[in-house]
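Here are my notes on the model, point by point. Please read them with the coordinates open.

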Amino acid sequence: MYVVHVAAVVWGPKEPLVIQEICVDPPQKMEVRLKILYSSICHTDLGCWNGTNEAERAFPRILGHEAVGIVESVGEGVKDVKEGDYVIPTFNGECGECKVCKREESNLCERYHVDPMKRVMVSDGGTRFSTTTDKDGRSSQSQPIYHFLNTSTFTEYTVLDSACVVKIDPNAPLKQMSLLSCGVSTGVGAAWNIAKVKEGTSTAVFGLGSVGLAVAEGARARGASRIIGVDANASKFEKGKLMGVTDFINPKDLTKPVHQMIREITGGGVDYSFECTGNVDVLREAFLSTHVGWGSTVLVGIYPTPRTLPLHPMELFDGRTITGSVFGGFKPKSQLPNFAQQCMKGVVKLEPFITNELPFEKINDAFQLLRDGKSLRCILQISKLLKR
């Protein structure tokens, strides 16, 4: 049967999220209903809330995609998780059966890969959320509430395709595990799985938000000897030191392009660069900051602009490469449980990423912290954990 619980619903671009009761349907075939315990806020949530990309707009909607929860019930055919399991939702799924899932080269499942345009469930094209009140709390006819990034975690209960649910160790630190749903996995994985950073190498990270700092943390864990952090906000440098950043560059302080500065201080350029801002002009600086002959640039940021790559084809003849990264190249069901164990052992430090904690009803305050650049990850307590 459906359950009535509280969610934070966004009714339109840039409108305050409304805490209200919604109906959550039971999971259908190959679906899972979760009780969300903790959820954090990512810039991707902020981008959708802003309505930056008109093609992605669908309201009313429940945002959120970084979380940890407990399986409340499962639909027909679900075998790998059961009621009571601790899990993290992932916006990039893994069915384990398609030709992509069976290949090592990609983590983009044919059916459940990340799709920012998707707003309904795969099985029937419907939603599992609905409401009988409008944004002002007045009674109205029942209307559907749209899903977001395969997850929708700003709610006490959510329904996901089972391909997007990853079981974790029940003894894991739950608040920290929520970070593996997106930011930390995306950044660390870009360093580990895409660039394959080697010990003793040099890296440059453009943009020191949560994802950029996760890249730095991943490079540090792999033994990079020099990690250069580039950001126009000098207040991020102190946090960067905790993640292994060895050098800091503020473009506002330079009279020359950033890539020239990096080439000068590294003797020709870094081995790897990571663009984490979603800015194509910054992407060009990142590309040119790598060493001729072998430099590798990884695109990690989200690019809302219609502008194309700012590169001349002949520039690729210098031996540099450039590639994109989705969810850090991690296959969620196959690889995240082991990554979670590594985090629990301290290979990757998660605690420094959590800069704020607020109750669920303060979600609009949490959004403001992110907009003001005063938060890496703000953890919201969605539901209380009764026993463990």
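1. The structure holds 20 salt bridges, each a side-chain nitrogen of Lys or Arg within 4 Å of a carboxyl oxygen of Asp or Glu. This is a predicted model, in which local features need pLDDT of at least 70, side-chain atom pairs count only at pLDDT 80 or more, and totals for chains, interfaces and linings use all residues. Residues are numbered from 1 along each chain as its sequence is written, and side-chain values use heavy atoms, with hydrogens and water left out.

2. Start with Glu-15 and Lys-135. Their salt bridge has its closest N and O atoms 3.3 Å apart. The pair links distant parts of the chain, 120 residues apart. Glu-15 sits in the loop between β1 (3–9) and β2 (18–24), and Lys-135 in the loop between β6 (129–133) and β7 (139–145). Helices (H or I, at least four residues) and strands (E, at least two) are DSSP runs, numbered from the N terminus. Glu-15 is partly exposed at 27% relative accessible area. Lys-135 is partly exposed too, at 38%. The classes are buried under 20%, exposed over 50% and partly exposed in between (1.4 Å probe, protein chains only).

3. Arg-138 bridges to Asp-134, with the closest N and O atoms 2.9 Å apart. Asp-134 counts as buried, at 17% relative accessibility.

4. Lys-241 and Glu-238 form a salt bridge at 3.8 Å, N to O. Both lie in helix α5 (residues 237–242), 3 residues apart, about one turn of the helix. Glu-238 is exposed, with a relative accessible area of 54%. Elsewhere, salt bridges that share partners join Glu-31, Asp-124 and Arg-128 into one network.

5. Now the helix packing. Helix α3 (residues 183–194) packs on helix α8 (residues 332–344) at about 95 degrees, with the axes 12 Å apart. Axes are lines fitted to C-alpha atoms, for helices over the stretch in contact, and angles run from 0 to 180 degrees between N-to-C directions. α3 is therefore roughly perpendicular to α8, a label for angles of 65 to 115 degrees. From α3, Val-184, Ser-185, Val-188 and Trp-192 meet Leu-336, Phe-339 and Gln-342 of α8. Contact means heavy atoms within 4.5 Å. By class, this contact has 5 nonpolar, 2 polar and no charged residues.

6. The largest nonpolar core has 100 residues. Such a core is a set of buried Ala, Val, Leu, Ile, Met, Phe, Trp, Tyr and Cys residues joined through side-chain atoms within 4.5 Å. Among those with the most contacts inside it are Val-184, Phe-274 and Phe-339. Helix α4 (residues 210–221) gives the most to this core, with 6 residues. A second, separate core of 9 residues includes Ala-204, Val-230, Val-270 and Ala-286.

7. Thr-203 deserves a look. Thr-203 lies in strand β10 (residues 202–206) and is buried, at 0% relative accessible area. Beyond four places in sequence, its contacts include Val-197, Ala-219, Val-270 and Phe-274. Phe-274 in turn touches Ala-190, Val-215 and Val-300, among others.

8. Last, Val-9 in strand β1. Val-9 is buried, with a relative accessible area of 0%. Val-9 and Tyr-146 are 137 residues apart in sequence but 9.5 Å apart in space, C-alpha to C-alpha. Beyond four places in sequence, Val-9 touches residues including Pro-16, Ile-22, Pro-60 and Ile-145.

Definitions and conventions:
Angles under 35 degrees count as roughly parallel, over 145 as roughly antiparallel, 65 to 115 as roughly perpendicular and the rest as oblique. Ala, Val, Leu, Ile, Met, Phe, Trp, Tyr, Cys and Pro count as nonpolar, Asp, Glu, Lys and Arg as charged, and the others, Gly among them, as polar.
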